[in-house]
Amino acid sequence: MKKRVLAIFMLIVCMAGLAACGGKDDDTTSGNKTENAGSQEAQKDFDVSELADKLKNEGSFTDLQAMDSKIAVERLYNLDASKIEASAFYSNSNATAEDIAVVKVNDEAYADTVKKAFEDRIAEQKKSFQDYNAAEVPKLEDAVVKVSGKYAILVVSGDSAKAKEIVEGYVK
């Protein structure tokens, strides 16, 4: 009799445990979907090359050329390429200050490092252009620098309002 009562008790405990785990998994899954949906609403994924091309084609630029991502990451911005998932760059031929950089990082925490690298480049360019071509300095002062989720964007153009409008179509 004691064995039978013990077996029934163990069966009840197991059933309760399975029911609790089942409910917990469902809640966790729902919670993750909500979190992900919230994150996606805050920032949806997009193709970095698509945004860079759109900025180039619809923005106000006079001197831009596509730049190899590896060269831009290492030489212009001094970033760790292993922390970058995707990137697209257009840079000037040194006659203007115009630049486009769209970077998607592996970890959101690194996006702030990319932003800092963009700000450092702007500061360096300002110093260079003050003596070389002062007419370009206002472009640098009105540069668009935006970080959202895993994305960091830099646009130096003749029409920062248009650039900002295009960028805001992609990032929140």
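Predicted model: local features only at pLDDT ≥ 70, side-chain atom pairs only at ≥ 80, totals over all residues.
Buried here means under 20% relative accessible area.

**Entry 1: strand E3.** Which way do they point? Asp99, Ala101, Val103 and Val105 go to one side, while Ile100, Val102 and Lys104 go to the other, and all are buried.

**Entry 2: the partners of E3.** Next I looked up the neighbouring strands. E2 pairs with E3 in the antiparallel sense through seven bridges, and Ala86 has Lys104 of E3 as its bridge partner. E5 also runs antiparallel to E3, joined by six bridges. There, Val102 sits opposite Ile153 of E5.

**Entry 3: the cores.** I then turned to the largest nonpolar core, which has 22 residues. The members touching the most others are Tyr77, Leu79, Phe89, Val103, Val114, Phe118 and Leu154. Two or more residues each come from H3 (69-76), E2 (84-91), E3 (99-105), H4 (108-132), H5 (137-141) and E5 (151-156). Which element gives the largest share? H4 does, with seven residues. A second, separate core holds 20 residues, among them Val48, Ala88, Tyr90 and Ile166.

**Entry 4: helix H2.** In H2 (residues 48-58), I found Val48, Leu51, Ala52 and Leu55 buried. Why do I say they line one face? Viewed down the axis of H2, the buried residues fall within an arc of 100°, so they share one face of the helix. Their cover includes E2, E3, E5 and helix H6 (160-168). At the start of H2, I also noted a side-chain oxygen of Asp47 within 2.8 Å of the backbone nitrogen of Ser49.

**Entry 5: aromatic rings.** My search of the whole structure gave five aromatic pairs. For Phe46 and Tyr151, the ring centres are 4.1 Å apart and the planes are at 20°, so I call this pair stacked. Phe46 lies in the loop between H1 (2-42) and H2, Tyr151 in strand E5, and 105 residues separate them. Are these two buried or exposed? Phe46 counts as buried at 14% relative accessibility, and Tyr151 counts as buried at 1%. Ring pairs also bring in Tyr170, which makes a cluster with Phe46 and Tyr151.

How values were computed: Residues numbered from 1 in each chain as written. Heavy atoms only, no water. Core = buried A, V, L, I, M, F, W, Y, C linked by side-chain atoms within 4.5 Å. Buried < 20%, exposed > 50% of the residue type's maximum accessible area, 1.4 Å probe, protein only. Helix = DSSP H or I, 4+ residues; strand = E, 2+ residues; numbered from the N terminus. Arc of directions from axis to C-beta. Contact = heavy atoms within 4.5 Å. Polar contact = N/O pair within 3.5 Å; in protein donor to acceptor, adjacent residues only side chain to side chain. Pairing = 2+ DSSP bridges. Phe/Tyr/Trp six-rings, centres within 6.5 Å; stacked < 30°, edge-to-face > 60°.
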